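Here is a short briefing to read alongside the model. Please take a look at the sequence and the fold, then follow the notes below.

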Amino acid sequence: MIETDYMAGRIKELADRAYKNDYITHTAFLGASEQASFHSALRKLGVPKLVTEVAGVPYLLWGGHSEAERVMAVFLPSYLTPETFMEQENEAPSVLTCMKAEPLMRKFSDDLTHRDFLGALMNLGIERETIGDILIDREDASAYIFVTADLAPIIKEELVRVKHTSVACREIALSECTARPEFEVREGSVASERLDAVLAFVFRLARGKAQELITREAVFVDGRTAVSAGADLAPGSRVSVRGFGKFIYDGTSAATKKGRNFIKVRIFK
């Protein structure tokens, strides 16, 4: 409740500033749990689902690309629509930007991961809330790093090494980021859309093991700790399991003759 109350106050503050001063305001990057708090706060403020305005101020969730996991809540002035805002950001970033980090010598590069780049950035004293998605391009071992716009010159100058690999960083247009999250698509039948049934299917677990993970509070749905094994998953839910991985639940497509549900999930690689 405290987290939701704080977020509601922050939303009101940013919307009010955008309205009174007629300029863009925004939050820091929000992870899954913070996005859940953001939506809870909107309901607390009386904003209906599917409405993208707060007190007459349009907002959008924006992370630099259409499938972003970490996003900012951006509140727009009167002269911008979400479409014109994104066009403007690609030409002259004011809210966030994309940095491309490339090994200086690809032949001798480590096999660098998301965690490696995130660790290198945080070792520079950069706060997590100023860093969005980090997408890895397996073909050339480079990384696309979404950050608040003010960090671009700092990263360009100071991010010169990741693990044992020397790298060079440059700012690129958002449209130049060609990497996207990689998924393994898996389809199959389950008895129901219950959380424990879907977990057992995705991670090839016994149903009892899936229930144990939920009891141990190791399962998170849309950033919130799962509390019920029997809760049905909604299409679009993002599920992470500590020690196992994370996936997006895409819902059911049909029912089998025996009454089982045919489902589809996308598992993050």
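In this predicted model, four strands form an open sheet with the order β1-β4-β3-β2 and antiparallel pairing. Strands β1 and β2 (53–54) stand at its edges, each with a single partner strand, so one side of each has no neighbour in the sheet. Strands here are DSSP runs of E with at least two residues, helices are runs of H or I with at least four residues, and both are numbered from the N terminus; two strands pair if DSSP finds at least two bridges between them.

Numbering starts from 1 along each chain as its sequence is written. Local features need pLDDT of at least 70 and side-chain atom pairs count only at pLDDT 80 or more, while totals for chains, interfaces and linings use all residues; side-chain values use heavy atoms, with hydrogens and water left out.

- β2 and β3 (residues 57–62) are antiparallel and share two bridges, with glutamate 53 partnered by proline 58 in β3.
- Four bridges join β3 to β4 in the antiparallel sense, and tyrosine 59 has phenylalanine 75 of β4 as its bridge partner.
- β1 (residues 25–26) pairs antiparallel with β4 over two bridges, where histidine 26 is bridged to valine 74.
- In a regular strand, side chains alternate between the two faces of the sheet.
- Both faces of β4 (residues 72–75) are covered, with Met72 and Val74 buried on one side and Ala73 and Phe75 buried on the other. Buried means under 20% relative accessible area, exposed over 50%, and partly exposed in between (1.4 Å probe, protein chains only).

**A closer look at threonine 25**

- Threonine 25 lies in β1 and counts as buried because its relative accessibility is 2%.
- Its side chain reaches the backbone oxygen of leucine 14 at 2.9 Å.
- Leaving aside neighbours within four places in sequence, threonine 25 is in contact (heavy atoms within 4.5 Å) with Leu14, Arg17, Ala18, Ala73, Val74 and Phe75.

**Helices on this sheet**

- Helix α2 (residues 32–44) lies across β2, β3 and β4, running at about 160° to β3. Axes are lines fitted to C-alpha atoms, for helices over the stretch in contact, and angles run from 0 to 180 degrees between N-to-C directions.
- The buried residues of α2 are Gln35, Ala36, Ser37, Phe38, Ala41 and Leu42.
- Just after α2, glycine 46 takes a positive phi of about 85°.
- Helix α3 (residues 82–91) packs on the sheet too, touching β3 and β4, and its direction makes about 50° with that of β3.

**The five-stranded sheet**

- Another open sheet has five strands in the order β6-β7-β5-β9-β8, with antiparallel pairing. Its edges are β6 (131–137) and β8 (161–162); each has a single partner strand, so one side of each is left without a neighbour in the sheet.
- β5 (residues 96–103) and β9 (residues 165–172) run antiparallel and are joined by six bridges, with methionine 99 partnered by glutamate 171 in β9.
- Helix α4 (residues 114–123) lies across β5, β6, β7 (142–148) and β8, at about 135° to β6.

**Further along the chain**

- The axes of α6 (residues 195–203) and α7 (residues 207–215) come within 8 Å and cross at roughly 115°. Leu195, Asp196, Ala197, Leu199 and Ala200 of α6 make the contact with Arg207, Ala210, Gln211 and Ile214 of α7.
- Threonine 256 is found in the loop between β14 (245–255) and β15 (261–268), and its 29% relative accessibility makes it partly exposed.

Methods. Polar contact = N/O pair within 3.5 Å; in protein donor to acceptor, adjacent residues only side chain to side chain.
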